[in-house]
Amino acid sequence: MPEPTKKDETETENALPPPEQKTPQDGGTEKGKVWSIGETAPEEAEKRDDSQRSTLFIEKPQSGTVSVGGNITFIAKVEAKDLLRKPNVKWFKGKWMDLASKAGKHLQLKESFERHTKIHTFEMHIIQAKENYAGNYRCEVSYKDKFDSCSFDLEVTESSQAAPSIDIRSAFKRREVKQQEEEPEVDVWELLKNANPSEYEKIAFQYGITDLRGMLKRLKRMRREVKKSAAFAKGLDPAYQVDKGGKVRFMVELADPTVELKWYKNGQEIRPSAKYIFEHKGNQRILFINNCTMTDDARYYVTAGDEKCSTELFVRDPPILVTKGLEDTSTYVGERVELSCEVSEDDANVKWFKNGVELTNEPKSRYRIKVEGKKHTLIIEEAAKNDNATYSVMTTGGQSEAKLSVDLRPLKISLALEDQTVRLGQEIHLKCEISENVEGKWYKNGQLVEASDRVKLYHKGRIHRFIIASAAVDDEGEYMFVPDAYNINIPCKVHVVDPPKLHLDGLGENNTVTVVAGTKLRLEIPITGEPTPKVMWSKGDKWITDSGRIRAETYSDSSCLVIDTAEREDSGPFRITLKNEAGEDSALINIKVVDVPDPPQAPNVTEVGEDWCVMTWDPPANDGGSPILGYFIERKKKQSSRWMRLNFELCKETTFEPKKMIEGVAYEVRVFAVNAIGTSKPSMPSKSFVPLAVTSPPTLLAVDSVTDTSVTMKWRPPDHIGAAGLDGYVVEYCFEGTDEWIVANPELTDKTKFTITGLPTGSKILVRVKAVNAAGESEPRYHPQPILVKEVIEPPKIRLPRHLKQTYTRRVGETVNLVIPFQGRPRAKVSWQKNGSPIDKNQINIRNTENDTIIFIRKAERSHSGEYDMKVEVENLVDKATIDIQIVDRPGPPEVVTIEDVWGENVNLSWKPPKDDGNAAITGYTIQKADKKSMEWFTVIEHYHRTSATINELVIGNEYYFRVFAENMCGLSEDATMTKESALIAKDGKVYKYPVYDDFDFTERPLFTQPLVNTFAVAGYNATLNCSVRGNPKPKITWLKNKVAILNDPRYRMFGNQGVCTLEIRKPSPYDGGTYTCRAVNELGEAEVDCKLEVKGGLSFFKLLMDGVPPHIIDAYMREVQADKTEGK
């Protein structure tokens, strides 16, 4: 198991002891000195190095302290937001010990990943820590080319006797650097105290300290352990130092020689062997360690009973000597250089320096260090001027240095640059050759030239090239090549020439330039040429000067032709001519002066519709010198002066159809012509016109009847008639197989029914109808099929209404009016019978038509009741139907009412049903009583169904009469049957004893007599929840939603009446759905009921609910609709 150590975070890390803490030396060793030498400085340097790496950690492990036997956890976190896979994490103790192979009972490594935060967490758990777990640890994380590292310490504390504070600086006196000369001893701790922490490792290397960090921590721990011991008369020294291969002696003196003594190394007990020898001399106990190696560099302690005394042993490597030193060397730039030395041991640790700065053997370094046994070589593959320096090599036992001198070779020009004259756009190629393969720089007019997309710089061996693929005017100048590190330049001149040229790319076809009359023309023509060409303008034989209304202006890169206030006479060709020493160029430019077109002639309206018309016009006589692009059209009401634009996009044709006009209103229209210059003046208005429209076709054209020589058609008026009204209809027909339509009515008919006569029997005709008004005839409405001119027999069929299929009941005196439709052709015959006998037409009126029959009774009587038989005959075909009519009236009174028995205050009555039940079933009886003295009648029983009854609670001593009414669906009988005799409630022989009643306890805890019911509500429509409760005292009612009381919420209204509790939810939304509870509380207890309210949104749910569809079926349907919408997406 590794030795983790963790610093106390409250300790001062870099404190060095003040000089006044020193004590006198004893035998070359300073004892009793208290010091702390800042052992954490190297760690801080390492942490600074860590900060320079790629920062993958978002939380690093922190140093910590744990007691022996305790547990501690170190945590590192890495953010995975930019990582495609899990990073690689390793834990180390010291510099090289990988802890992955040490995992077990006392060491556990865990890792986890939080998906919502995207953070990897890595943990190292140390369980039941031991003393040898203390030390420096390191956590490394890597991902592809990213790397991060963090060091931390673990300190294991124990409650043991501490060693006295001492100073063992003498153990770290500097070795002799030169092999033959003695130098005075140097105090390493004084050097460390005064040095920068970044110099600690260098000083440790120079003076043979191989484990500076461990030594500083162990010495710091010794200082904390200073404590007086009762078991040891003389303890171990705080520290011992011995050379590798040497022998060391540990000695303690016991206060009690009988105490058992044990020696330990890093917590492991030491057994006697050839390496470890124990000696006893009186109270002295001695331990010899022979042939010390680096593994013996550890902490030792000895226990006597419960007490302990400890020390530290430092094993020092023997110094490495430089047996063959470096030699001064001279070379040229670019040559390979090797500086070699030899040391006393194979593969020894050797450091190289350049001017005092250490050189490392990194892959990207110019310096490569080669080790072959005792020989160490510094290699520079290609020497440079900056390699001139003093190089030194240092070991723990010596050093050597030498000077390296790097000079330049003499330079010769093998091929110089040559002056060049190139034409614009051609390649510039400069080439030179020198005797050495060195870099160089190119200059133009003294300015450094860098390589770019235009400028290509090539260097191959001793040849240097400068190439510009396409020369520009700016490329002219003096060029020069200067080799690096040499005070030599190679010059040349480049001259760029270009014939004059006119650039007319921006002009139109045939170099035509158009200008609007009355405006200013400034025509700029780009020109090129080197040197700048001379420009001349002319029109015909006339040269244009630089002044006047038409003038020329010339600049270095362009020439301008200026015409102030262009006129039509300015149209024509202009010539521009360029001349310079390299050549000549000229071109003709056509100037065209244009204007707006003339207005068109007044438009003509050729066709008029309901809200539209068709107008045409001729193009203007003069287009202004520019083609007509289109036209704008305006209209206005004849009586108005306000014109309205009808099209915002140009009309390309000379015809247009204005729309959205008001039918019956007079309008005028006019036209504007548009060319590239602008819009002309408006044309003269057209003649006024009024939009009128024919009607839409007639509707529902159908055959009404057919005979052997005629066809009767019927139809409905058009859906749209318009402002022109409707004058009438035209009916046309044609025989099947022909296209000749014959007008059936020479004069318009204003009716929607017409009979076409004079048709041959058996022929087939097609029929159409047109509506006619002032605007003309509408589109015809055709009958969809040919019509056979032949009378067709249609079997009779009585279509008895549903309410007549049951008994038809009416009261006496009411009117009976029954319409029974039927079908049957031709000439259907209808007959009626009542109860099998012909109907008396004096009492019952019968009226027949072609399609129905009507039975009418103005004032119904009971004698009109019975079965009425209807029969429809068409030739030999018959259809029948029966109607049961029942005329009802109020019943007669019951027959004799008899007093059957009288006892106490009770009377038993009986009676017989009435003889006349009013032609309806008796539904009940009403019984009344009257005191013989007052004869005022009071109802005792209503709607009683039996023919006997017992009257209770009559007053003793009174004499009563009784009467009974019969009742049917029409009401009570007009008269009642009264008892002939009276019933006397006798007083004699009976003493009335008033009963004694206890006071009734009306108190009751709340009880819901009607619970709440699960309910559906429609979003936006008020919903109510109802229940009923009883209780005494009156309970207090509280409403809750989802177990939360509803208080002062304007969306809810709560009220109660006679124990009925109501909660009204105003215009609920789906948010108002949930569980509602009604709670009733009084002093005797409480009760509550609840229900679920589900709010459905949308009119479809409400419509289904209003149509009577059960809510559970609506709910299933709405779920299916929602699922279908989800699948459709």
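Hi everyone, thanks for coming. Please keep in mind that we are looking at a predicted model.

Let me start with charges. Side chains of opposite charge can pair when their charged atoms come close. Searching the whole structure turns up 40 salt bridges, and I'd like to show you a few of them.

Take Lys77 and Glu59, whose closest N and O atoms are 3.8 Å apart in a salt bridge. Lys77 belongs to strand 5 (residues 72-79) and Glu59 to strand 3 (residues 57-59), so this pair ties together parts that are 18 residues apart in sequence. How accessible are these two? Lys77 has 25% relative accessibility and counts as partly exposed, and Glu59 is partly exposed too, at 36%.

Now to Arg138 and Glu140, a salt bridge with 2.9 Å between the closest N and O atoms. Are Arg138 and Glu140 buried or exposed? Both Arg138 and Glu140 are buried.

Arg890 is partly exposed at 35% relative accessibility, whereas Glu974, at 61%, counts as exposed.

Salt bridges can also be linked up. Lys520, Arg522, Arg551, Glu553 and Asp564 form a network of them.

Let's turn to the strands. Strand 41 (residues 534-539) has two partners I'd like to point out. With strand 45 (residues 572-580) it pairs in the antiparallel sense over five bridges, and there Trp537 has Ile576 as its bridge partner. With strand 42 (residues 542-544), strand 41 also runs antiparallel, joined by three bridges. Lys539 stands opposite Lys542 of strand 42. What lies between strand 41 and strand 42? These strands form a hairpin with two residues between them, and Gly540 in the turn has a positive phi of about 65°.

Lys797, Arg799, Arg802 and Lys805 gather in a surface patch of positive charge. One of them, Lys797, is in strand 62 (residues 794-798) and is partly exposed, with a relative accessible area of 41%.

Finally, some backbone details for those of you who like to check torsions. Most residues other than glycine have a negative phi, and most peptide bonds are trans. Glu875 has a positive phi, near 55°. You'll find Glu875 in the loop between strand 69 (866-874) and strand 70, exposed with a relative accessible area of 54%. Asn1042 has a positive phi near 55° as well. Asn1042 is in the loop between strand 83 and strand 84 (1044-1045), and is partly exposed at 41%.

And which bond is cis? The peptide bond joining Asn1032 and Pro1033 is cis, with omega at about 5°. Pro1033 lies in the loop between strand 82 (1023-1032) and strand 83 (1036-1041).

Terms used. Residues numbered from 1 in each chain as written. Predicted model: local features only at pLDDT ≥ 70, side-chain atom pairs only at ≥ 80, totals over all residues. Heavy atoms only, no water. Salt bridge = Lys/Arg side-chain N within 4 Å of Asp/Glu carboxyl O. Helix = DSSP H or I, 4+ residues; strand = E, 2+ residues; numbered from the N terminus. Buried < 20%, exposed > 50% of the residue type's maximum accessible area, 1.4 Å probe, protein only. Pairing = 2+ DSSP bridges. Patch = residues over 30% accessible without salt bridge, like charges linked within 9 Å, V, L, I, M, F, W, Y side chains within 5 Å. Areas by Shrake-Rupley, 256 points an atom, 1.4 Å probe, with all protein chains shown as cover. Lys, Arg positive; Asp, Glu negative; His and termini not counted. Charge placed at Lys NZ, Arg CZ, Asp CG, Glu CD.
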